[in-house]
Amino acid sequence: MRFPLALTAKMARHVIKHKLARTPKFAMVLQLEPLHTCNLTCTGCGRIREYSTNLKDMMSLEDCLASAAECDAPMVSICGGEPLIYPKIEELVNGILEQGRIVYICTNGMFMRKKMREYLAGIYSPALEPKLAELLAQKLITDKDCETIRKGKNDGRATIKPSKWMYWNVHIDGLEYTHDLIVEREGVFKECVEAVKMAKLIGYQVATNTTVYKETDMKEVEQMFEYFSSLEVDGHTISPGYEYDAAKKDMVKRLNKQPEDFFLTRKMTREKFAKIEEWGERFTIFGTTQYQEFLAGKREMTCTPWAIPTRNIRGWKAPCYLMTDGHYAGYHEMLEKVDWNKYGVVNGIARDPRCENCMVHCGYDPSGALGRHNQRGDNWKNIKYNFGPKPKPYREGSKVNAFNGVSIGKGHLAEAKAAINSPRAAMNGAQAAFSRKEEPASGGSCGTGDTSQRDDLLAKIKKDV
Ligand code: SF4
Ligand code: SF4
């Protein structure tokens with residue numbers, strides 16, 4: 001089967017239950033953002049630019065768990081910011097699993113190996129030695145890590161364990177050069193690959209999560225799928241990038257780039273995703289066949305933003321993961337108070353000009369899953385896709401030149417810091433180009449864009465990685 005039976009059955013049961021009860025609107029996946037602090041500053045990320053990245057501004061564990069219970073989505077995607085920075089991430093993951101939900105940890109991959117070493121320490125016994133030897137041989141852990149793991153774990157804290165109900169969902173936007181350029185730091189792609197290898201060796205489920213921008217070379221995306229398929233990852237999410245207001249302003253002010261050079265229009269998206277159905281056959285692409293056809297320009301759809309609600313420190317974010325017109329205290333209050341007819345694109349006409357170019361996964365994939373625009377044969381296509389054989393790992397993918405060079409460029413963190421600190425750079429104006437000073441947030445009064453605390457945090461955490 002392409003997707004694990006237990007997970008598919010859980011999602012299907014949820015939809016059938018609500019269809020029988022004629023529930024007009026219900027949640028399929030909760031996007032839970034316990035904090036917006038991140039150790040990276042990816043180009044195009046609206047989150048760290050719209051919201052406060054101060055570590056003081058985070059949801060309590062109780063609030064996170066209550067939100068998952070309140071909307072009752074069978075799947076919770078823990079995102080952020082970087083969720084592995086959340087101080088109670090282990091308790092959060094385990095708490096959601098105990099509620100009987102599927103968990104995706106959407107991570108930039110930089111702290112995954114640290115979390116997995118903690119798991120190994122927590123279960124250490126001499127029986128683990130062959131696994132440690134394997135990890136050592138592949139240079140995924142060091143001798144020093146081994147010694148630490150052998151000492152066991154005595155802090156009484158939980159760990160993140162492999163589970164058929166849990167996925168690491170690693171952010172990868174291309175091969176080494178492209179990915180490091182987008183995340184604005186060298187070495188991130190390499191770390192992600194090592195984390196993915198280690199996770200697969202230990203027995204975790206791993207998916208990748210890719211955003212496609214105007215500059216994205218789709219041949220490279222295909223090679224990226226081939227490469228990660230050779231590492232036996234369990235699936236891929238792919239979505240066109242969206243022009244967040246906050247990301248747009250950041251691009252102009254910090255990187256001196258024009259958003260229209262970076263984000264996709266609908267026409268461009270359709271051109272870029274022309275091969276998505278073929279990829280769906282070759283690789284385990286998450287998503288409905290309807291959404292794939294929509295991306296390929298073969299059908300129209302209207303988004304279903306209430307099915308993938310976002311909960312963060314300010315409340316339930318409306319109308320969707322991308323746009324912010326308000327925050328509500330409860331999921332059901334949001335369902336009642338938001339005029340959902342104001343949003344989306346119907347028959348090619350945008351109800352809200354901000355929706356015009358949006359085709360994102362979190363808005364449109366649930367429309368397919370809920371059969372909102374069902375055409376003849378759709379159910380059969382979905383059954384065939386979900387229950388068909390899982391694509392085999394593409395062994396030739398190991399020959400892909402994935403490590404095609406570390407990138408450094410405008411907007412790149414290392415170069416930015418060097419530029420800011422260099423007197424010569426000051427003279428030629430580079431300070432202005434690379435400065436990441438506070439700027440007004442676009443989506444509300446909460447975000448400050450001040451990254452100083454994040455940089456301190458980064459330096460602190462780096463020592464532990
Ligand atoms: S990893 Fe990148 S995209 Fe994710 S929250 Fe951090 S800055 Fe944003
Ligand atoms: S089309 Fe839907 S998902 Fe996209 S921005 Fe508009 S409301 Fe949000």
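What covers the buried residues of helix 9, and how does helix 9 pack on the sheet?

A: Happy to. The cover over the buried residues of helix 9 includes helix 5 (112-122), helix 6 (129-137), strand 4 (166-171), helix 8 (176-183) and strand 5 (205-212). Here contact means C-beta atoms, placed from the backbone, within 7 Å, and helices (H or I, at least four residues) and strands (E, at least two) are DSSP runs numbered from the N terminus. This is a predicted model, in which local features need pLDDT of at least 70 and side-chain atom pairs count only at pLDDT 80 or more, while totals for chains, interfaces and linings use all residues. Residues are numbered from 1 along each chain as its sequence is written, and chains are lettered from A and ligands numbered from 1 in the order in which they are written.

The residues being covered are V188, F189, C192, V193, A195, V196, M198 and A199. A residue counts as buried if 20 or more other C-beta atoms lie within 10 Å of its own, as exposed if 12 or fewer do, and as partly exposed in between, with C-beta atoms placed from the backbone. Across the protein chain, 45% of the 465 residues are buried.

Just after helix 9 comes G203, with a positive phi of about 115 degrees.

Nine strands make up an open, mixed sheet ordered 6-5-4-3-2-1-7-8-9, where two strands pair if DSSP finds at least two bridges between them. Strand 6 (235-240) and strand 9 (324-328) are the edges; each has a single partner strand, so one side of each lacks a neighbour in the sheet. On average, neighbouring strands are turned by 25 degrees against each other, direction ignored. Helix 9 packs on this sheet by touching strand 4 and strand 5, and its direction makes about 165 degrees with that of strand 4. Axes are lines fitted to C-alpha atoms, for helices over the stretch in contact, and angles run from 0 to 180 degrees between N-to-C directions.

K317 has H327 of strand 9 as its bridge partner.

Notes: Contact = placed C-beta atoms within 7 Å.
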